Amino acid sequence: MSLETLLLLLAWGTLVGLDLVSVPQVMIARPIVAGPVAGAILGDPWTGFALGVLFELFQYDVLPVGAARYPEYGPATVAAVSAAHAAGGGGGGGEALGIGLGALVGLVTGMMGGTSMHLVRRLNARATHAANERLEAGDARVLVRLHLAGILRDATRAALVTAFGLGLGQLARALVVGALTVRGVTLLDVAAVSAGIAAGAAGTLRLVGRGPGLRWFAAGVVGGAAVAWLR
Amino acid sequence: MTPALGKSLLRLFTVQGSYDYERMQGIGVGVAEEPLLRDLRAAANGGGGGAAYRAAVARSAHFFNAHPYLCGLAVGAAARAEHEGVPPAQVERLRAALCGPLGSLGDRLVWAGWLPLMSALALIGVALGGGWRAIIGFLALYNAGHVALRWWALRAGWAHGMGVAAALHQPVLQRAAALSGPAMALAVGAALPLAAQYLSGAFTGWSRGAVAVVAAGGFALLWWRRGKLTALRLGLALLAVAALAAGLWR
């Protein structure tokens with residue numbers, strides 16, 4: 001991977017990480033967007049689509065209400081696509097060979113992302129504490145400066161998480177790829193895809209609950225299964 | 001749109017930029033409200049300093065937590081109340097009273113409705129071979145609703161001031177909240193089998209059966225241990241088991 005590609009992935013991961021909570025929440029942070037764009041940067045959009053779909057299913061397990069703590073799957077998907085591409089890439093139609101390795105890198109990066117958001121929020125609280133007196137005096141300049149510093153902190157966090165994920169991807173490729181047989185790769189892929197499907201189904205059912213929405217969900221599953229069978 | 005409302009709207013896109021566990025969105029809400037309070041500074045200049053402006057800015061940055069897309073409602077309403085000379089304690093009570101309803105409505109409408117609905121349609125689009133069109137469609141449609149909601153919230157808050165509760169009872173909003181749940185359930189339900197087929201396209205023979213069995217087992221575990229076991233932990237555990245099995249089964 002060239003330095004230019006690496007820097008582009010880092011920049012994309014940073015934007016994606018910033019979008020999740022801070023600016024501007026237009027949902028480029030969703031894996032279904034972050035993945036394909038990362039794939040396009042690597043010249044391998046199919047791996048991007050496959051990992052994007054997989055992590056979008058994991059995303060259904062997350063409901064970002066209040067001050068809830070949750071994994072961050074945006075930069076994680078960028079790192080996952082990079083790792084999967086390095087491990088073999090995709091053949092089209094979602095037939096990515098490195099999807100299991102990508103998922104491993106992505107899930108660890110997602111966990112790091114969640115922890116780092118918690119740390120940034122604590123740093124923000126500390127900065128607010130330090131400026132409390134001037135805030136209570138209604139100093140608008142301090143208010144804006146504090147806010148901009150928070151955004152900068154989040155951007156730095158997103159860049160560091162993406163860099164960690166990209167580095168982890170390179171390390172995993174070096175350690176794992178040569179050591180795995182074709183059967184081993186398939187086992188990792190099976191684990192990743194199964195976990196994604198389970199996450200998507202369980203996360204959605206939690207949202208839907210036992211009310212009337214459950215009937216709509218069942219109707220959707222039947223319809224989707226029929227379309228999948230007919231294709 | 002007045003320049004002040006435009007600036008406030010733009011700043012609302014960054015409302016969670018300085019999110020923390022004490023004031024939550026307070027600092028971001030204060031930053032978004034500040035352009036709407038500048039008139040107070042001008043008015044006060046005629047009659048004795050910017051005390052009203054500074055006091056209003058200080059209040060605007062106090063604790064606030066709601067759905068980020070609907071924060072504009074509180075920003076507009078509180079700014080209008082400050083202009084109307086409402087007593088400070090009442091402005092504080094208005095902000096506190098809006099947290100719960102705005103959070104609950106936004107969570108139902110967006111996080112548990114509009115967003116998963118659009119995401120599911122994107123998944124269906126990608127699974128059916130829509131590729132980039134599905135992604136661009138997702139971003140365009142989702143953000144049409146997103147930006148409209150932010151703009152409506154700010155305008156409604158600014159128009160109603162202390163009577164902003166009336167805006168929350170608008171029939172369109174209530175109907176959207178009621179419809180988004182079933183629509184989301186239907187779309188995500190349809191997306192799951194299609195996404196599963198898309199992801200397992202490369203598997204043949206035993207591996208296809210293994211995906212079905214492991215996914216069913218994983219789902220059962222997540223459902224049984226909900227609140228304790230997360231999808232991330234399940235994914236990592238399954239990958240660890242797979243790596244171990246790959247080492248043993250050569």
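**Exercise 1. Into which domains is chain B divided?**

Solution. In this predicted model, chain B is split into domain 1, which covers 3-199, and domain 2, which covers 205-250.

**Exercise 2. Describe the secondary structure and the extent of chain A.**

Solution. Begin with the elements: chain A has nine helices and zero strands, and read from the N terminus their order is α-α-α-α-α-α-α-α-α. Then turn to the dimensions, where the C-alpha trace of chain A spans about 65 × 50 × 25 Å along its principal axes. Finally, consider the interior: of the 231 residues in chain A, 59% are buried, and among the contacts in chain A with a separation of 6 or more, 73% are between residues 24 or more positions apart.

**Exercise 3. Work out which parts of chain A touch chain B, and what kinds of residues they bring.**

Solution. The contact involves 90 residues from chain A and 83 residues from chain B. On the side of chain A that touches chain B, at least two residues each come from α2 (31-41), α3 (45-59), α5 (99-130), α6 (132-136), α7 (140-176), α8 (182-208) and α9 (213-230) of chain A. The most is given by α8(A), with 23 residues. Sorted by class, the residues of this side comprise 56 nonpolar, 24 polar and ten charged.

**Exercise 4. Determine how α8(A) and α9(B) are arranged.**

Solution. Two packed helices are described by the angle between their axes and the distance between the axes. Here α8(A) packs against helix α9 (residues 206-224) of chain B at an angle of about 40°, and their axes are 8 Å apart. Angles under 35 degrees would count as roughly parallel and 65 to 115 as roughly perpendicular, and α8(A) and α9(B) are therefore oblique to each other. Their crossing is right-handed. Among the residues that make the contact are V190(A), A198(A) and A202(A) of α8(A), together with V214(B), G218(B) and W223(B) of α9(B). By class, this contact of α8(A) with α9(B) holds 16 nonpolar, four polar and no charged residues.

Methods
Residues are numbered from 1 along each chain as its sequence is written. Chains are lettered from A and ligands numbered from 1 in the order in which they are written. This is a predicted model: local features need pLDDT of at least 70, side-chain atom pairs count only at pLDDT 80 or more; totals for chains, interfaces and linings use all residues. Two residues are in contact if their C-beta atoms, placed from the backbone, lie within 7 Å. Helices (H or I, at least four residues) and strands (E, at least two) are DSSP runs, numbered from the N terminus. Ala, Val, Leu, Ile, Met, Phe, Trp, Tyr, Cys and Pro count as nonpolar, Asp, Glu, Lys and Arg as charged, and the others, Gly among them, as polar. Domain bounds come from an automatic or database domain assignment. Axes are lines fitted to C-alpha atoms, for helices over the stretch in contact, and angles run from 0 to 180 degrees between N-to-C directions. Angles under 35 degrees count as roughly parallel, over 145 as roughly antiparallel, 65 to 115 as roughly perpendicular and the rest as oblique. A crossing is left-handed if the near helix is turned anticlockwise from the far one by less than a right angle, and right-handed if clockwise. A residue is buried if 20 or more other C-beta atoms lie within 10 Å of its own, exposed if 12 or fewer, and partly exposed in between; C-beta atoms are placed from the backbone.
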